Amino acid sequence: MQGQRPIRLFKRGTSAEVKLTILAILAVVLLVVDARSTWLDPIRQGLATALYPLQRAAMAPGDLANYLSSWTDSAALVRSEKEALQRQRIELAQLSTHAAQLRAENEQLRRLLQVSDTVNQASVAVEVFYEPPNAFDRRLIFNKGAAAGIQPGMPVIDDGGVVGQIIRVTTRTAEAALITDDQVSVPVQILRNGVRLIAFGSPDGSKVEVRYLTNDTDIEAGDTLVTSGIGGLFPAGLPVAKITSVERDSSTGFAVAHATPLSYPERYRHFLVLLVDEPEFMLGSDDEPTDQP
């Protein structure tokens with residue numbers, strides 16, 4: 001009967017100290033060989049090639065996070081740059097519009113200076129303060145008043161001609177009624193033949209009318225009306241309007257002429273108020289001018 005061998009519960013091998021020593025010696029040898037020769041380069045390259053997929057897989061979450069962060073930052077940067085460009089575009093458009101407005105105002109002011117040189121009358125340059133929101137009356141409020149010498153009745157002109165008359169003043173402001181206002185009348189004459197007439201504002205507030213004409217009055221479309229100077233309020237020779245049509249009624253023997261003003265109150269902001277001496281004018285007065293041809 002064979003002797004029974006003792007059962008070995010744990011397999012015994014080389015001790016850990018021996019393995020550590022062997023591995024340390026192998027490491028030293030590999031370090032020396034790698035430092036002094038190139039024998040290990042193929043092995044290193046092969047290992048690097050084999051481990052590259054694992055390295056990419058391990059770095060994939062970080063790369064994805066960096067990509068998403070970079071994409072978010074780029075989108076935010078593009079959005080902010082787009083908003084900045086939009087603001088710059090708007091600002092440039094505003095500057096361009098403002099420059100064009102200033103250029104137009106400068107040109108109109110130069111024309112006003114030329115007009116003031118040709119009119120033998122002291123004047124005050126005024127600017128539109130605001131326009132009252134009234135659909136029935138054609139009025140303008142200017143930024144100067146009695147403190148600048150402006151009084152009710154004084155005429156208002158621009159480079160095109162007569163704009164209207166001052167009807168009300170305060171210390172710092174003045175209110176003017178345009179010549180298209182149906183409560184304003186201006187002594188005029190036809191430039192072509194010198195016939196004296198009275199021009200009134202129209203009821204619709206857009207035209208000038210010449211009323212109380214006889215059918216034989218020498219007036220026709222295309223005639224230019226200028227101030228006659230009668231009454232001493234408006235200096236003679238200021239352009240007022242151009243006749244567009246003449247309506248003659250054979251049954252009554254009277255005619256009415258319609259004219260378009262030569263001034264541009266709706267376009268400009270600056271005007272001249274002529275400082276006439278002791279104007280005698282009252283808006284809505286029952287005593288209307290009676291100058292007739």
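Strands are DSSP runs of E with at least two residues, numbered from the N terminus, and Thr 214 has its place in one of them, strand S8. The model is predicted, with pLDDT of at least 70 needed for local features and 80 or more for side-chain atom pairs, while totals for chains, interfaces and linings use all residues. Residues are numbered from 1 along each chain as its sequence is written, and side-chain values use heavy atoms, with hydrogens and water left out.

Strand S8 (residues 208–214) runs antiparallel to strand S7 (residues 196–201), to which three bridges join it; strands are taken as paired if DSSP finds at least two bridges between them. The hairpin of S7 and S8 has six residues between the strands, and Gly 205 adopts a positive phi near 75° in this hairpin. S8 also pairs in the antiparallel sense with strand S11 (residues 254–261), over five bridges. Val 210 of S8 stands opposite Ala 199, and its bridge partner in S11 is Ala 257.

Leaving aside residues up to four places away in sequence, Thr 214 touches Arg 248, Gly 253, Phe 254 and Ala 255, where contact means heavy atoms within 4.5 Å. The C-alpha atom of Thr 214 is separated by 9.8 Å from that of Ser 250, 36 residues apart along the chain.

Key
Helices (H or I, at least four residues) and strands (E, at least two) are DSSP runs, numbered from the N terminus.
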